[in-house]
Amino acid sequence: MNRLSFVSIFLGSLVTLGSLSATAEEITRNKTPGSDFPIAQSVQVPGASEMIFVSGAVPKPIVEGGDPNDPATYGDTEIQTVSVLKEVQSRLQRLGLDMGDVVMMRAYLVGTPETDGRMDFSGFMRGYTQFFGTEAQPNLPSRSAFQIAGLARAGWFVEIEVVAARAP
């Protein structure tokens, strides 16, 4: 083997290793086998990624001057979910991120009178699926949804916190 061949093979190997390294740095979202439910079963984030933890967001009033403890001031679970996710989206955008960068979500839901004190999971999902698993934004986070006894305001049914990741 002459010196030029060795250098060519060596440089080719470096290029191959470099491309493998770039692939290994990608965030991987693992779907739930046999399910079309719009969450990831798990998300793998490479160690060199920047993790951004976004504090819980709550709904904004839809009735100006409404009673802050009256659910009508904030709307039903679907309306509140959309309001909260718009706030999360705004916070992410201020950091140069978007909803597709969310890798983990925790949703805290309060039972409603319309659902006999149970969380309105269907209403939550109608709001959630406007932001995740769409043609425009197909990335799905891993996610948990919990029914809780209450939030800081009696009119709130939804609080959501997320973790986003920025790949290197």
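## An aromatic pair in helix α3

F121 and F124 both sit in helix α3, three residues apart, which is about one turn of the helix. A search of the whole structure finds six aromatic pairs. F121 and F124 form one of them. Their ring centres lie 6.0 Å from each other, with 35 degrees between the planes. The pair counts as tilted, because stacked pairs need planes under 30 degrees apart and edge-to-face pairs need over 60.

## Confidence in the model

This is a predicted model. The mean pLDDT of the protein is 89. Of its residues, 86% reach 70 or more. Where pLDDT is low, the predicted coordinates should not be read in detail.

## Helix α2 against helix α3

Two packed helices are described by the angle between their axes and the distance between the axes. Helix α2 spans residues 77-94, and helix α3 spans residues 121-128. They pack at an angle of about 40 degrees. Their axes are 7 Å apart. The crossing of α2 and α3 is right-handed.

Which residues make the contact? From α2 come T77, E78, T81, V82 and L85. From α3 come G123, F124, R126, G127 and Y128. The residues of this contact divide into four nonpolar, four polar and two charged.

Four strands form an open sheet. Their order is β3-β6-β4-β5, and the pairing is mixed. Strands β3 and β5 (142-148) stand at the edges. Each has a single partner strand, so one side of each is left without a neighbour in the sheet. On average, neighbouring strands are turned by 10 degrees against each other, direction ignored.

Helix α2 packs on this sheet and touches β3, β4 and β6. The direction of α2 makes about 30 degrees with that of β6.

## Pairing along β6

Strands of a sheet pair through backbone hydrogen bonds, either parallel or antiparallel. Strand β6 covers residues 158-166. Strand β3 (residues 50-57) pairs with β6 in the antiparallel sense over six bridges. Here F53 has V163 of β6 as its bridge partner.

How many bridges join β4 and β6? Seven, again in the antiparallel sense, with β4 running over residues 102-110. In β6, I160 is the bridge partner of A107. V162 of β6 is the bridge partner of M105.

Notes
Residues are numbered from 1 along each chain as its sequence is written. This is a predicted model: local features need pLDDT of at least 70, side-chain atom pairs count only at pLDDT 80 or more; totals for chains, interfaces and linings use all residues. Side-chain values use heavy atoms; hydrogens and water are left out. Two strands pair if DSSP finds at least two bridges between them. Helices (H or I, at least four residues) and strands (E, at least two) are DSSP runs, numbered from the N terminus. pLDDT is the predictor's confidence in each residue, from 0 to 100. Axes are lines fitted to C-alpha atoms, for helices over the stretch in contact, and angles run from 0 to 180 degrees between N-to-C directions. A crossing is left-handed if the near helix is turned anticlockwise from the far one by less than a right angle, and right-handed if clockwise. Contact means heavy atoms within 4.5 Å. Ala, Val, Leu, Ile, Met, Phe, Trp, Tyr, Cys and Pro count as nonpolar, Asp, Glu, Lys and Arg as charged, and the others, Gly among them, as polar. Rings of Phe, Tyr and Trp (its six-membered ring) pair if their centres lie within 6.5 Å; planes under 30 degrees apart count as stacked, over 60 as edge-to-face and the rest as tilted.
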